[in-house]
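Student: Could you take me closely through one part of this model, the surroundings of the ligand and the helices that go with them? I would like a single connected account, with each term given its cut-offs.

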Amino acid sequence: MAASADHIRAMVKSHGDGDDEAFYSVALQVAAKAARQGHHHFATDVKELVEAARQSKKASNVTYIAQPRGELADLVVASHPDVRLSDLVAPKNLRDSLVDVITEQRQRHSLMDHGFHPVHRLLLEGPPGTGKTMTASVLAHELDLPLLTIRLDSLLSKYLGETGSKLRLLFEAASDQRAVYLFDEFDALGGDRAGSDVGEARRILNSFLLFLENTESESVIVAATNNRSILDHALFRRFDLVLTYQMPSTEDAVAVLKGRLGLMGKGVEWKAIQVPCDGLSHAELVKAAEAAAKGALLEDSKCVATDDLVVALKERARAAGA
Ligand SMILES: Nc1ncnc2c1ncn2[C@@H]1O[C@H](COP(=O)(O)OP(=O)(O)O)[C@@H](O)[C@H]1O
Ligand SMILES: [Mg+2]
């Protein structure tokens, strides 16, 4: 028997960790031992299997990282969002910037052939519920890439003391995987939310900055924060683009409601709902629209009545303290 108890232990552990390279290297050790014992057929078989597995993994890198296993599964959530740019209600300058990012990424090869890098490091900042997380989904969908969300807040609370090394593991696996990487609630690294372990947050921030520096410009890195003020200003310079999100204008608020209600909104007198929209974020408007639509459906109506929408908006405003 060429595989010792240690080999089997190491293989089970590397499989659990999702560490394919460690797994193959143990398999090759087993093959080498088998060869020394004269089992040449078996040794050759194992080597060929490892070679074939490595090749096919290279060919399907995206699938691999899109389904993180082992320790990585705790650090990153993979998804394939279905949100289009046209779903995002945003002022013209913001939309134009996003169109630029998408165009540069789509035409990255012609830019890179001439020594230019497409914009790929974005910092999104602004109040909650204004579309920052949604923007990462839009970019992933429009570029046909997986969205990998790194959960900094849960990371900090769960693995205190070892997050830095875990994150490095993730970054190593990720640095050559083309994807949209979202570091949501990015301010978790910058302020009190790191709790007592400020040193740990620093270490993570440093690995993040290294990642930012070294990642292929064919991937898109999005950091999002509701809380710009607690971020170190020096950090802003590390990004190619800083986008500011704002509470919706009245016109945008109506667009959000119309977008969510679709045909169910065709009877609404939009002028009557402008004041009640005031002070609500995009996300809260969506929730109000959903509440009104459900109410209508439960009363067997296919259209939302203006008054009911106004009530739903006021309800939301009360809940949000707006
Ligand atoms: N600008 C927007 N346009 C359309 N819908 C939006 C917008 N912003 C937020 N929403 C709605 O609210 C939800 C939550 O928004 P999210 O992107 O998580 O906000 P943030 O990350 O800025 O806190 C989205 O999934 C979407 O349904
Ligand atoms: Mg968000």
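Tutor: What follows starts from the ligand and then turns to the helices. This is a predicted model, in which local features need pLDDT of at least 70 and side-chain atom pairs count only at pLDDT 80 or more, while totals for chains, interfaces and linings use all residues. Residues are numbered from 1 along each chain as its sequence is written, and chains are lettered from A and ligands numbered from 1 in the order in which they are written.

Around ligand 1 there are 16 residues, of which Gly-131, Thr-133, Met-134, His-282 and Ala-283 come nearest (a residue is near a molecule if its C-beta atom, placed from the backbone, lies within 6 Å of it). Because domain 2 (72-244) and domain 3 (250-320) both contribute residues to the shell, ligand 1 lies between them, the domain bounds coming from an automatic or database domain assignment.

H8 has twelve residues and reaches 17 Å from its first C-alpha to its last, close to the 16 Å expected at 1.5 Å a residue, where the expected span is 1.5 Å times one less than the number of residues. Eleven of the twelve residues of H8 are buried, among them Thr-133 and Met-134; buried means that 20 or more other C-beta atoms lie within 10 Å of the residue's own, exposed that 12 or fewer do, and partly exposed lies in between, with C-beta atoms placed from the backbone. The cover over these buried residues includes helix H6 (92-106) and the strands E2 (121-125), E3 (147-151), E4 (180-184) and E5 (220-225), contact being counted where two C-beta atoms, placed from the backbone, lie within 7 Å. After H8 comes Asp-144, whose phi is positive, near 55°.

Just after H13, Gly-262 takes a positive phi of about 55°.

How values were computed
Helix = DSSP H or I, 4+ residues; strand = E, 2+ residues; numbered from the N terminus.
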